[in-house]
Amino acid sequence: MRRASHDPQATPDAHWLRCEGCGATYADDGLRLTCDQEHEPALLTSRYREAAFVPDGDAGGLFRYRSWLPCSGPVNGEGAPATVTYRSEDLNQALGLPNLWIAFNGVWPERGAACETATFKDLEASAVLARLPAGGDRTLVVASAGNTAAAFARACSRERVGCVIVLPEDGLTALELASPLDPCVRLVALGRGCDYTDAIRLADHLADTPGFLAEGGTKNVGRRDALGTVLLNAVETIGELPRHYFQAVGSGAGGIAAYEAATRLVADGRFGCRLPRLFLSQNLPFAPIAASWRRRQRALAELPDAKARVRRIKATALSNRQPAYSPAGGLYDALRATGGEMLGVHNQELDSAARLFRDTEGIDVEPESAVALASLIKARAEGRVDGRTSILLNVTGGGRSRRINGGGGQPVRADLELGAGLGLDGSRERVLSLFGDGLPGRDRRGTESAVRR
Ligand SMILES: [Zn+2]
């Protein structure tokens with residue numbers, strides 16, 4: 001059944017939400033993650049009243065693109081994370097790709113890249129917090145493989161937003177942070193044998209408890225539109241849409257976000273009329289999206305021994321066993337709309353791509369970015385990419401060694417460590433015991449903040 005629960009023409013709202021399954025529209029209360037109608041899984045997408053791409057020169061970081069971000073109020077973005085896009089000389093020469101552009105997210109002060117925790121997850125955390133309505137009192141629940149935990153821990157600590165972050169204990173290594181966390185941030189680590197998908201399951205269970213609020217991951221339009229600013233930054237720099245777009249995917253959010261942002265840019269009309277072709281990649285032997293897309297099937301392929309495969313990949317942020325592939329508006333639809341391709345990359349290919357980037361560009365990249373670069377090398381070698389085509393490579397994280405050498409890395413301990421045998425209810429009780437008599441709430445913001453004024 002199709003029912004418009006919100007008439008965007010009758011309100012002054014700068015943005016609203018639309019269900020990609022049934023077309024229903026909703027005012028954005030800053031919290032909504034799903035449609036109210038009963039149907040097959042579907043993502044909500046943001047719709048913006050501003051149809052033209054208009055960067056705001058007065059706003060900092062990703063909030064330069066705030067007219068296409070679902071913010072709940074005014075933002076200035078002082079100190080907010082920023083992507084930088086540039087055309088390399090040495091890497092392009094090594095690859096024989098003169099029209100390759102790099103969108104770099106991470107720590108690289110000489111180039112102007114400023115993601116404090118070294119990955120594009122900083123963009124997501126900032127936008128999710130800017131989307132939350134003022135005056136809420138529930139504790140945000142976030143699931144992470146590691147990098148998302150670092151970004152939300154840092155952002156929630158800075159904004160004094162109460163949150164619980166659930167992650168596998170191996171992910172704690174991503175949390176080397178420059179300064180101590182505010183007590184409003186609680187970290188829950190899952191013990192050996194647990195992976196990212198187990199963290200998502202516990203986070204979902206916890207978020208159903210009164211007083212808690214699901215952050216939502218890929219379902220949160222704040223996250224996806226934040227990732228879309230990587231393409232916006234690139235198009236502002238290049239002056240047009242690239243023909244090919246390369247990125248590694250775990251949940252799929254980055255690929256979907258690139259497609260959504262490209263759709264807005266095509267509708268603007270000044271940057272080209274063709275959607276960039278998505279070349280997305282995963283780390284073999286764990287590549288469920290690649291396995292599904294190879295068969296051109298909407299249903300996600302079941303990989304045998306999935307957990308064992310996850311343990312063998314180096315790019316652990318790509319270990320999501322429940323990516324947003326099948327839902328309406330998800331990765332399957334994005335790949336189909338752009339004539340996209342999925343590539344698989346082995347660990348040794350990842351290693352040599354990471355070395356090539358370091359040797360040519362002089363900075364380290366995260367394993368996930370090395371997967372994306374390795375997939376580009378593979379696509380080029382197989383003749384799937386024309387040498388003169390404009391290509392955007394999304395380096396989703398880099399410069400970690402730079403940050404640590406600069407004194408930016410203090411190990412962080414979890415507030416609670418959970419074994420695998422507790423079950424969901426038992427684990428939830430242990431998490432609740434962290435809060436004693438009351439939840440920390442999420443409306444403990446200081447008088448001034450980087451995101452909000
Ligand atoms: Zn719907």
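Biologist: By class, which residues does the lining of the second largest cavity have?
Modeller: The lining has 3 nonpolar, 2 polar and 2 charged residues. Ala, Val, Leu, Ile, Met, Phe, Trp, Tyr, Cys and Pro count as nonpolar, Asp, Glu, Lys and Arg as charged, and the others, including Gly, as polar. This is a predicted model: local features need pLDDT of at least 70, side-chain atom pairs count only at pLDDT 80 or more, and totals for chains, interfaces and linings use all residues. Residues are numbered from 1 along each chain as its sequence is written, and side-chain values use heavy atoms, without hydrogens and water.

Biologist: Which residues line the second largest cavity?
Modeller: Trp68, Asp225, Gly228, Thr229, Leu232, Ala261 and Arg264. Helix H5 (221-238) and helix H6 (253-268) each give two or more of the lining residues. H5 gives the most, with 4 residues. The volume is about 30 Å³.

Biologist: What makes a space a cavity and not a pocket?
Modeller: On a 1 Å grid over the protein atoms alone, a cavity is a set of points where a 1.4 Å probe fits but cannot get out; a pocket is an open set with protein on both sides within 12 Å along at least five of seven lines, and lining residues have an atom within 4 Å of a point. By this rule there are 2 cavities of 30 Å³ or more. The largest cavity holds about 60 Å³. Its lining includes Gly30, Leu31, Val128, Arg131 and Leu213. Helix H2 (121-131) and strand E11 (212-214) each give two or more residues to that lining. By class, the lining of the largest cavity has 7 nonpolar, 2 polar and 2 charged residues.

Biologist: What volume does the second largest pocket have?
Modeller: About 330 Å³. Among its 15 lining residues, Ser46, Arg47, Glu260, Thr263 and Arg264 lie nearest its centre. H6 supplies the largest share of the lining, 5 residues. The lining divides into 5 nonpolar, 4 polar and 6 charged residues.

Biologist: Why is the arrangement around the zinc ion called tetrahedral?
Modeller: The protein donors are Cys19 (SG), Cys22 (SG), Cys35 (SG) and His39 (NE2), 2.0 to 2.3 Å from the zinc ion. Donors are N, O and S atoms within 2.8 Å of the metal (3.2 Å for Na, K and Ca). Four donors count as tetrahedral if all angles lie between 85 and 135 degrees. Here the 4 donor atoms subtend angles of 105 to 113°, so the arrangement is tetrahedral. The donor residues are spaced C-x2-C-x12-C-x3-H in sequence.

Biologist: How do you know that phenylalanine 104 counts as buried?
Modeller: Buried means under 20% relative accessible area, exposed over 50%, partly exposed in between (1.4 Å probe, protein chains only). Phenylalanine 104 has 0% relative accessibility, so it counts as buried. Tryptophan 108, at 5%, counts as buried too. Cysteine 22 and cysteine 35 are also buried.

Biologist: How many aromatic pairs does the count come to?
Modeller: The count comes to 9 aromatic pairs.

Biologist: Why is the pair of phenylalanine 53 and phenylalanine 271 called edge-to-face?
Modeller: Rings of Phe, Tyr and Trp (its six-membered ring) pair if their centres lie within 6.5 Å; planes under 30 degrees apart count as stacked, over 60 as edge-to-face and the rest as tilted. For phenylalanine 53 and phenylalanine 271 the centres are 5.7 Å apart and the planes at 75°, so the pair is edge-to-face. The two residues lie 218 residues apart in the chain. Both are buried. Phenylalanine 104 and tryptophan 108 have centres 4.8 Å apart and planes at 65°, so that pair is edge-to-face.

Note on methods
Points joined across faces, edges and corners; volume = space filled by probe spheres on them. Tetrahedral: all angles 85-135°; square planar, octahedral: opposite > 155°, others 65-115°.
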